[in-house]
Amino acid sequence: MNKGIGQYKQIGVETALVNATPHRLIQMLYEGALTNLANAKGAITNNQLGLLSESIKKTSNILVGLEEGLDLQKGGDIAANLQALYRYMQTELIAAQAARSEQKIDALISIFVDLKSGWDAIDPGKQTAGEERTDES
């Protein structure tokens with residue numbers, strides 16, 4: 001029965017990905033990172049090294065995806081600063097795993113919470129200066 005539930009959840013995730021806006025995809029990546037970091041913290045507490053490794057790997061993959069999604073040409077200083085932050089977080093992630101440090105995991109969680117909070121505050125429908133609207137509204 002658990003296998004069926006897992007497959008059902010996977011279909012739900014795949015459907016959400018296909019239908020998501022670019023803004024929502026970034027939100028989903030931040031949410032996934034926070035979930036995996038919480039799992040990593042629990043794995044440290046419970047000495048579950050397999051879960052710790054899996055959670056760190058998933059978070060690392062999310063950071064790679066976030067960095068690859070940056071447009072350094074159009075994004076200017078903001079994109080460059082995010083790239084540096086994501087690279088720093090990768091380094092801290094490795095250090096957290098090596099030291100089995102809940103404190104390092106907590107620091108990473110705090111950064112992701114700040115990033116997600118800022119991203120959530122963005123109105124994806126609001127145009128920036130100089131952009132023309134392409135819809136009828």
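## Contacts and overall fold

A contact here means heavy atoms within 4.5 Å. With that in hand, 60% of the contacts in the protein with a separation of 6 or more are between residues 24 or more positions apart. This is a predicted model, in which local features need pLDDT of at least 70 and side-chain atom pairs count only at pLDDT 80 or more, while totals for chains, interfaces and linings use all residues. Residues are numbered from 1 along each chain as its sequence is written, and side-chain values use heavy atoms, with hydrogens and water left out.

The protein has 5 helices and 0 strands, and its pattern along the sequence reads α-α-α-α-α. Helices (H or I, at least four residues) and strands (E, at least two) are DSSP runs, numbered from the N terminus.

## Surface and burial

The accessible surface of the protein is about 9300 Å², and carbon and sulfur atoms hold 55% of that. Accessible areas come from the Shrake-Rupley method with a 1.4 Å probe; for residues, only the protein chains shown count as cover.

Of the 137 residues in the protein, 28% are buried. Buried means under 20% relative accessible area, exposed means over 50%, and partly exposed lies in between (1.4 Å probe, protein chains only).

## How H4 and H5 pack

Two packed helices are described by the angle between their axes and the distance between the axes. For H4 (residues 72-99) and H5 (residues 102-120), the angle is about 155° and the axes are 9 Å apart. Axes are lines fitted to C-alpha atoms, for helices over the stretch in contact, and angles run from 0 to 180 degrees between N-to-C directions. H4 and H5 are therefore roughly antiparallel to each other; angles under 35 degrees count as roughly parallel, over 145 as roughly antiparallel, 65 to 115 as roughly perpendicular and the rest as oblique. Their crossing is left-handed, a label used if the near helix is turned anticlockwise from the far one by less than a right angle, with right-handed used if clockwise.

On the H4 side, the residues that meet H5 include Leu82, Tyr86, Met89 and Glu92, and on the H5 side their partners include Lys104, Leu108 and Phe112. By class, this contact of H4 with H5 has 13 nonpolar, no polar and 2 charged residues. Ala, Val, Leu, Ile, Met, Phe, Trp, Tyr, Cys and Pro count as nonpolar, Asp, Glu, Lys and Arg as charged, and the others, Gly among them, as polar.

## Two buried residues

Glu92 belongs to H4 and is buried, with a relative accessible area of 17%. Leaving aside residues up to four places away in sequence, Glu92 touches Lys104 and Leu108.

Gln27 sits in helix H2 (residues 22-45) and counts as buried at 14% relative accessibility. Not counting residues up to four places away in sequence, Gln27 touches Lys116, Trp119 and Asp120.

## Loops and a helix residue to look at

Asn47 lies in the loop between H2 and helix H3 (49-68). Its phi is near 55°, a positive value in a residue other than glycine, and Asn47 is exposed, with a relative accessible area of 53%. In the loop between H4 and H5 you will find Arg100, with phi near 50°, again a positive value in a residue other than glycine. Arg100 is partly exposed, at a relative accessible area of 44%.

Back in helix H4 is Arg87, partly exposed with a relative accessible area of 46%. The C-alpha atoms of Arg87 and Glu67 are separated by 8.2 Å, and these residues are 20 residues apart along the chain.
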